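Work through the exercises below with the sequence and coordinates at hand. Each task is followed by a solution in steps.

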Amino acid sequence: MDFLNAIIVLFNFTVIPALAYGSQLALGAIFVTLIYAVLRFANFATGDMMSFGTMFAVILTYYFQSLGFGLGFLPTALLTIPFAILMMILYMLIIDKFVFSYYRIKKSPPVQFAMVSVGVMFVTQALIRIIIGPSDRRFLDGEKFIIKATEFKEMTGLAEGITLKSTQAITIIVTLVVVSIMFWFLNRTKTGTSMRAYSDNEDLALLSGIDPKRVVLITWVIAGILATIGGVLYGLDKSYRPFVYFNNMLPIFAAAIVGGIGNPFGAFLGGYVIAFAEIFVTYAYKRFISYLLPEHLEPDSLLQLLSTDYKFAVSFSILVIVLLIRPSGIFKGKVI
Amino acid sequence: MRNYKNVIAAYSIMIFLIILVGIFQSWSIALTILNYCLISAVMTIGANIQWGYAGLINFGIMGYTALGGLAVVLVSVEPVKKSWQVGGLNILACIWIIVAIIFVVKFILNRFDKSKLRNYSVASVILGGIILLRVTAAPGIEAIESVDPAKTGFLGGMGLPVLFSWIFGALLAGGLAFVIGKIALGLRADYLAIATLLIAEIIVSIIKHEEWLARGVKNVIGLKRPAPYEIDLQTSEWFINLVTKFNSSKLNLINSISDKQEALNQMVIDASSVYVKLCFTGLFLTVVIILLIVTQKALYSPWGRKMRAIRDNEEAASAMGKNIVKEHLLIFILGSAIVGLAGAMMVTNDGLFTPGSYRPMRYTFVIWVMVIVGGTGNNFGAILGGFVVWFLWVEAAPIALFLINLFTSHLPETNAVRVHLIESAPYFRFLVIGIGLLLIMRYRPQGIIPEKIIKQ
């Protein structure tokens, strides 16, 4: 019984949150990696682009709520995602037309692209703050929990309970659906193949008649979908605050590089690697251990490897280690 | 000579703008802006050495700035004796453990060939070391942090004059740059950018959360100053006489003695803050001028030519027998040390150390915009960039407010759009900086004052 309790403690406080957080990171990381593979630059506006898409979802959620639309027990935000995606793609295409396309045609070095994306980051951040302001917003409605700890305890008769928030379940399910559709698209359809060809060897792809404009367009469309969904899921799970989104860019980059930048599947797994590492290293194992050990051996300290303040530092350290030992990432990335 | 005309014109405009602020807002604000412009200029010189001379992207500027600020606390604050008594031993033990870990890892790396076993043993040494560190440090840290937590709760510094901290800040930042450079300099350009960005974030989070070191997010206030305090000036006779002399014509216009005294008091208060800021301006200006002379000399020396050769064509330079790895590391250290100096200067100017305020937006990306806008590879350009961008950063909000009021003046006061726009006026600075950067990148990628190569 104690053993079961221990497992449940671990599951409740580490595995479930890590899966949800990992899914959010994974979506962002695939976004980064796609832009890197096809458009060939590190996009420093990643976090703010995700924030921009989420902003539309937040505004539309408030609007729908005022109209009385809703999905019952599901959050209204799910209903607004398609509209938010459309706005996001529109914004990305405008940015691409007026900013990035010039450097792409000139074949500028990646460094210049990165600096330009810093400019885009500033502009996006300004727009977000001017439109919606920098404050913290919660836009989750509908049912909050799928399983509550007390219900679980009653059901099973165990001393520890599992809490499953609806946002966590939605995050994991939506991520799996979106990512599998995307992989199907990249690997099985003709357009997806042409995208991969363009990413592998631009000149050869152009020679075989692939239209670069179309590839770029589709990349931004997929990027818009991933950025918005990732952003909205994160916002539903925690809360929407522009500054936090900017900071999230850092673990997302870490995930993309750990997985091997330019490799979407690597980025997907990289998100979970980072999330699990962050949570496992900063979790206090006291309760977990106290179930496994006999009573008189119960530990005094929290048994925490690092305090939760260092959550981000853990993912960055992993990144530094990966860069040192295997710069191409765990799953071989495309470029270095 | 024609080339210098641009430079002189650009700087004259900049000085004129700051004088305008002095006339329309107040001299105190103008001097605050000028001081920050000078600090930014030091940072841009540092970033420009790395990016303009050698083409290294360092997005970790925030980390070095924070380290420079930490140096001010470590050097100038009086040591807290009680903290040293209760926990100093543990902290010293920890330093020895860290040194031991480094030596053991080095020994393993040197002694054994590359193998899986070696990787695992290095990893286990580090992991075991961290656990040992935590066990040793925990009681000490707890004891230190409980020593009068409202005021101290940290080890304090060395109690030296604050100007030493500028040198120490530069050394500290340079030392860190050495470690980071050893780790990350082999990476490709955009990887290096990401890696340095993340490492800077780690440094700031350590400074933020290790309260025994510098009180973390609880901030250290009331740091020493290399300039007199306003309150002392206001009570010293020579200063009051000086103010009376300067404003004698104005004072003579006032008839009643009590009014005159009141006016004089106000003038003394204003003048004292201006005087203190002028002292800082003098110090900062000295630093900027010294750095400018040194960097200009370096740029046009054989060493500067070597750096540019490496930047423009690594393979050719390498074929000529130049040690690229060594040169990159050297320039990474030099640039970072200058940024650390600037960080120490900034904290000295503010008189307080607030680790919570170090954010990559303000301390990394804005500095980069300064370098790009001003002119990469040209020190005059980089300094000008520091001035222009900092001026915009500060003045964008008032200007935006003015424009919003102008364009929405036909709307009623309570109009939702107008109220919302006025509330969000501070955020227009991001917009101005972002659009400015994009325009410069597109239409004048070499910056306002481009790099100039003197043929010899």
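**Exercise 1: a helix pair in chain B**

Helix 3 of chain B makes a right-handed crossing with helix 6 of chain B. The model is a predicted one.

Task: Classify the arrangement of helix 3 and helix 6 of chain B from their axes, and list the residues in contact.

Solution. 
1. Helix 3 of chain B covers residues 61–76 and helix 6 of chain B covers residues 162–184. Their axes come within 8 Å and cross at roughly 135 degrees.
2. Roughly parallel requires an angle under 35 degrees, roughly antiparallel one over 145, and roughly perpendicular one from 65 to 115. Helix 3 of chain B is therefore oblique to helix 6 of chain B.
3. On the side of helix 3 of chain B, the contact residues are B:Tyr64, B:Leu67, B:Gly68, B:Ala71, B:Val72, B:Val75 and B:Ser76. Helix 6 of chain B contributes B:Val162, B:Phe164, B:Ser165, B:Phe168, B:Gly169, B:Leu172, B:Ala173 and B:Leu176.
4. Sorted by class, this contact has eleven nonpolar, four polar and no charged residues.

**Exercise 2: a second pair in chain B**

Task: Repeat the classification for helix 10 and helix 12 of chain B.

Solution. 
1. The axes of helix 10 (residues 237–246) and helix 12 (residues 257–299) of chain B come within 10 Å, crossing at roughly 105 degrees.
2. Helix 10 of chain B uses B:Phe239, B:Ile240, B:Val243 and B:Thr244, which face B:Leu264, B:Met267, B:Val268, B:Ala271 and B:Ser272 of helix 12 of chain B in the contact.
3. The classes here are seven nonpolar, two polar and no charged.

**Exercise 3: the side of chain B that touches chain A**

Task: Which element of chain B gives the largest share of the side that touches chain A?

Solution. 
1. In total, 33 residues of chain B are in contact with 36 residues of chain A.
2. Two or more residues come from each of helix 7 (189–209), helix 16 (360–374) and helix 19 (428–443) of chain B.
3. The largest share, 13 residues, belongs to helix 7 of chain B.
4. This side of chain B divides into 25 nonpolar, four polar and four charged residues.

**Exercise 4: the fold of chain A**

Task: Judge how compact chain A is for its 336 residues.

Solution. 
1. Chain A contains 13 helices and two strands.
2. Along the principal axes, the C-alpha atoms of chain A fill a box of roughly 70 × 55 × 35 Å.
3. Of the 336 residues of chain A, 46% count as buried.

Key
Residues are numbered from 1 along each chain as its sequence is written. Chains are lettered from A and ligands numbered from 1 in the order in which they are written. This is a predicted model: local features need pLDDT of at least 70, side-chain atom pairs count only at pLDDT 80 or more; totals for chains, interfaces and linings use all residues. Axes are lines fitted to C-alpha atoms, for helices over the stretch in contact, and angles run from 0 to 180 degrees between N-to-C directions. Helices (H or I, at least four residues) and strands (E, at least two) are DSSP runs, numbered from the N terminus. A crossing is left-handed if the near helix is turned anticlockwise from the far one by less than a right angle, and right-handed if clockwise. Two residues are in contact if their C-beta atoms, placed from the backbone, lie within 7 Å. Ala, Val, Leu, Ile, Met, Phe, Trp, Tyr, Cys and Pro count as nonpolar, Asp, Glu, Lys and Arg as charged, and the others, Gly among them, as polar. The radius of gyration is taken over C-alpha atoms; the globule rule is 2.2 Å times the number of residues to the power 0.38. A residue is buried if 20 or more other C-beta atoms lie within 10 Å of its own, exposed if 12 or fewer, and partly exposed in between; C-beta atoms are placed from the backbone.
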